[in-house]
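Please open the structure in your viewer and keep the selection tool at hand.

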Amino acid sequence: MTGSVRRLAALSGLAALSLFAQLSVFSGDGAPVAKAQDARRTVRVWHAYDEAEARALREVVRDFERSPEGQPYRLEVLHVAFGAYAAKLESAIPTGEGPDVFIDAHERIVTYVERHLVQPFGALSGRERFDFDAAHLEALTVGRALYGLPLALKCGALYVNDALLPNDPATLEELEALRAHLPVGTYPLVFEAESAYWDAGLLHAYGGRLLDSSGRYAFFGPAAERTLAHLRRLVDTAVVPAEASGDLVKKLFAGGRAATAIGGPWLAPDLPRSLHWHVAPLPSVRAASGAPLVPYVTIEAALIATRAREIEGARAFARFLAGPKGAAVRARVARQIVASRTAALDPELVRDPFLSAFRRSAEHGLPLPTNPRMRSTFEPAQRAIRNYLRGGRSARDVLEQGERRFDDLVRPLPAERSPAPALLVVSLGLLLAVAVAVRRARDPHFRLAVKRSLPAYAYVTHAVIAVGLLVIAPLAVGAATSLFAGAPGNLHYVGLANYVDVLTARGGALLGTGSFWLVLLVTILWTAVNVALHLLLGVGLALLLDRPTLRFRGIYRVLLVLPWAVPSYVTALAWKGMFHRQFGAVNAMLSALGGEPISWFARWSTAFAANVATNVWLGFPFMMVVTLGALAAIPQDLYEAAEVDGATAWQRFRLVTWPLLAPSLGPAIAMGAVWTFNMFNVVFLVSGGEPDGTTDILVSEAYRWAFTRSQQVGYAAAYAVLIFGVLWIGTRALGRATAPDAAGTKS
Amino acid sequence: MSAPSSQRAHGRALLAELGVHLLVLLAVVFALYPVLWVVALALSPGDAPEPRVLPFASHPSLEHFAAVLGVGAGSEAGGGWLFGRQLLNSVLVSASTAIVAVALATPAAYALARFDFVGAKEGERALLATQMFPGVAASIPLYLILDALGLLDTRTGLVLVYATTAVPFAIFQLRGAFAAIPKDLEEAAMVDGATRFGAFLRVVLPVVRPALAVTALFAFMTAWNEFVLAATFLSREETFTLPVVLQRYVGEYDARWGRFAAGAILVSLPVMGLFYALQRNLVRGLSAGGVKG
């Protein structure tokens with residue numbers, strides 16, 4: 001055998017040894033032995049902080065462990081990726097495997113209380129009450145119980161580049177006038193113009209709200225229309241860059257290509273030393289009769305998890321972290337706008353122009369509403385803003401659509417039903433199954449067949465147990481969730497109501513935006529186009545590479561499978577960057593060829609094309625390799641015979657290659673189609689469903705229901721079951737239609 | 001045949017060859033371009049983005065790599081030691097996944113290819129079904145199962161989850177490979193006195209080695225690139241695998257694309273190496289079964 005196989009065998013042996021070592025040494029909790037002798041009690045702290053803040057937290061932890069109140073405890077700090085934070089808290093806390101203390105934003109507390117993930121903090125001393133702002137404590141109170149201690153305030157302020165703008169701008173209009181004095185490619189102002197969170201500042205200035213005080217959606221009417229019109233003016237006159245992400249805001253300002261930027265305190269640590277800048281209060285808007293931009297304020301808090309194992313230690317640490325000592329460290333190391341008033345009064349902090357500018361901005365800000373409905377306002381509002389800025393629709397039109405979307409998202413969950421009919425069906429089914437089993441067991445033929453099957457069972461039992469327990473059981477439980485509604489931890493049985501809702505497009509038009517049927521059509525088109533292109537490119541390249549006379553085949557082959565070897569979440573993001581309107585390589589190429597830059601994600605056709613390009617790139621190597629293998633198995637003499645008969649190259653392909661290739665490509669095509677149908681990564685990371693959710697496929701739509709839209713897991717599960725149904729029927733029909741003989745191989 | 005016409009034929013062949021190279025090179029550019037962008041991003045020291053056609057860093061620097069590896073300025077606590085530990089985790093988890101998945105799948109695939117037994121058809125359908133059901137809803141039940149088994153936050157638990165998810169595809173892959181082998185092979189061995197299992201072990205397995213290698217590679221890659229489940233199940237820095245670490249570079253307010261790209265390259269290198277080492281097997285192993293289907 002070849003050397004590489006031997007190498008693999010050696011590697012496998014090594015890995016088997018290490019697996020054994022791992023199982024024997026690290027099973028259980030895997031804590032190193034030295035820690036077992038530590039008499040201190042462990043307090044677990046979870047956070048999703050970025051670098052500087054994580055560093056500050058570590059320093060506070062160290063101080064705490066040395067302080068008298070912290071002496072009995074040993075802290076275990078875990079930095080969780082922001083993208084995984086919520087899911088992790090939700091699955092870990094109910095099982096008691098979660099943290100004792102965790103850090104999160106105040107607006108999530110209501111949701112956490114509803115799901116029983118946090119517990120009341122308990123009473124504060126008089127001094128502590130004095131140390132915190134009453135409004136901040138109020139934001140952390142649900143019902144009459146306080147659920148956490150305020151740590152820091154997060155809000156936006158105006159960063160000013162001293163070289164480009166000597167004086168602080170008093171009004172937004174001053175910044176607009178600056179356009180004429182700056183070179184092309186340098187902007188008077190950068191901020192995320194397409195984000196509802198940041199645009200809310202302007203909306204508030206015009207007297208509007210995203211959600212009113214009684215929890216009703218309020219992003220419509222004159223204030224909203226004037227906000228949209230103003231935003232469009234800013235973008236159309238290139239005062240503000242279009243399609244700016246938070247990342248781009250940072251890069252433009254750090255690169256000296258923006259006179260001002262609206263951003264949070266987290267922007268500061270990444271600005272280069274060479275850049276001279278300071279922070280100023282947000283400007284006012286002359287068009288809004290001089291009202292200032294009012295940013296949303298988030299209060300970051302230390303929360304105590306339910307089922308915390310070390311409640312006393314958790315409280316002690318939260319007190320230390322939020323109190324003057326912890327706050328001083330956080331202000332110094334991470335430049336947080338700390339909530340502790342004692343710490344904030346420190347003369348050094350008061351003199352710090354950065355911290356005091358942010359503090360002023362926060363004082364004028366509007367705390368993000370704690371209403372759980374706030375979560376459901378962002379998606380409709382954001383889509384309205386994007387539809388308005390990218391498409392040519394009227395403000396009233398997009399705002400009305402946003403309102404309808406919001407109403408749809410927060411409409412009451414299906415009513416609880418009695419599970420009796422389902423139980424009846426299930427028990428009848430079980431009864432029937434038992435009856436069939438008993439009858440078959442009595443059948444001598446069947447018993448003989450089972451007896452003959454016994455040797456085969458010896459080969460499959462362990463796989464059946466493992467797959468049954470860890471793949472099929474979780475999937476079955478997941479599928480059963482589709483009969484329930486509500487958020488995780490708070491589910492009630494609703495029968496088939498979720499399916500009815502999905503299949504009737506929630507009472508809207510059957511082929512309206514976001515309806516199951518329209519998304520299904522898009523998904524089918526997506527699968528067909530991708531598989532066709534995979535096949536074309538894969539088979540084409542394999543035919544080219546199969547020529548034995550071709551030089552450098554080996555090198556070509558290795559280079560061409562490269563897309564397969566890099567993790568797809570990385571390359572999907574690289575592709576997204578390449579399609580960026582202003583800074584993407586694709587538009588750079590277009591303009592080098594004399595074309596106009598395209599806003600790729602503004603139109604369905606181009607956004608879909610961008611997704612397809614990415615997925616074709618990811619998927620063609622698999623098809624190519626499969627084809628190469630199948631080609632190698634075709635006997636060479638068939639070609640020779642065909643050549644003797646005077647067949648042209650095309651005839652040779654059509655009459656010899658293809659008939660022999662097709663059957664072996666069948667399984668690969670089927671597999672590829674199933675994978676493409678459920679290709680979440682590409683759609684979610686490249687177009688993200690843009691424009692307006694029209695490029696979403698069924699899986700990404702299911703994901704949105706499960707995680708971003710008030711977490712309707714049951715509804716998402718119904719999607720998953722329907723996806724399964726579509727694929728099951730689709731592949732069976734396709735299998736029958738394309739390979740009638742394959743059905744007869746073994747039945 | 002006269003001399004000029006043969007010369008013309010030769011010229012045409014040369015032209016055709018050139019055309020083939022041109023087409024293949026075009027495909028190579030298509031395949032490499034995004035990868036080169038990732039490399040350029042990893043080598044650019046936090047520059048402002050430039051709309052450029054050529055994916056090369058203007059002032060290449062290794063600072064992002066240094067930061068990811070935990071050497072040099074701006075590195076996280078734990079530093080190089082932690083990165084090494086996490087790399088080891090990834091290697092251990094992925095290699096173990098490959099072994100466990102192949103060990104689970106091989107006998108089952110053999111049984112499906114060779115024996116006619118009660119439940120074979122149903123089992124095969126169930127395997128196919130697992131590939132079609134999106135896993136969106138399965139992560140919480142899985143979490144509860146691992147918790148019940150006491151395997152939460154351990155590499156063993158992660159290996160079990162990865163290996164079982166890799167099993168269905170591995171079975172399809174290997175069943176094809178087994179079906180392609182003539183039955184006389186093990187029958188001859190059995191005539192010579194080997195047991196069925198002995199024949200399977202000593203005669204059949206060596207023949208399907210390329211397919212085993214490719215199946216192992218796929219299982220390895222499943223584990224090597226996975227981060228959603230890993231981030232949910234693992235709760236200590238020392239047990240993290242590399243993709244979980246990578247995911248943290250993309251924060252709530254702050255995305256460090258340079259480091260993300262540098263980390264991505266470091267994560268991809270071993271898989272590229274494996275692809276290179278196994279490329280011949282890849283071609284043979286993937287198609288071994290398909291032809292006879």
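**First stop: a loop in chain B**

Select D153(B), which sits in the loop of chain B between α5 (139-149) and α6 (155-179). Please bear in mind throughout that this is a predicted model. Is D153(B) partly exposed, or is it buried? It counts as partly exposed because 18 C-beta neighbours lie inside 10 Å, whereas a buried residue would need 20 or more. Now inspect its backbone: D153(B) is not a glycine, yet its phi is positive, at about 60°. Most residues other than glycine have a negative phi.

**Second stop: a loop in chain A**

Next, select A505(A) in the loop that joins α21 (497-503) and α22 (516-545) of chain A. Here too the residue is not glycine and phi is positive, near 55°. A505(A) has 18 other C-beta atoms within 10 Å and is therefore partly exposed.

Move to P691(A), located in the loop of chain A between α30 (680-687) and α31 (698-708). What is the form of the peptide bond from E690(A) to P691(A)? This bond is cis, and its omega is near -10°. Most peptide bonds are trans.

**Final stop: where the chains meet**

Finally, display both chains together. In chain B, 102 residues are in contact with 119 residues of chain A. Select helix α1 (residues 3-43) of chain B: with twelve residues, this helix gives the most to the side of chain B that touches chain A. Coloured by class, that side of chain B shows 71 nonpolar, 19 polar and twelve charged residues.

How values were computed:
Residues numbered from 1 in each chain as written. Chains lettered and ligands numbered in written order. Predicted model: local features only at pLDDT ≥ 70, side-chain atom pairs only at ≥ 80, totals over all residues. Helix = DSSP H or I, 4+ residues; strand = E, 2+ residues; numbered from the N terminus. Buried ≥ 20, exposed ≤ 12 C-beta atoms within 10 Å, placed from the backbone. Contact = placed C-beta atoms within 7 Å. Nonpolar A, V, L, I, M, F, W, Y, C, P; charged D, E, K, R; others polar.
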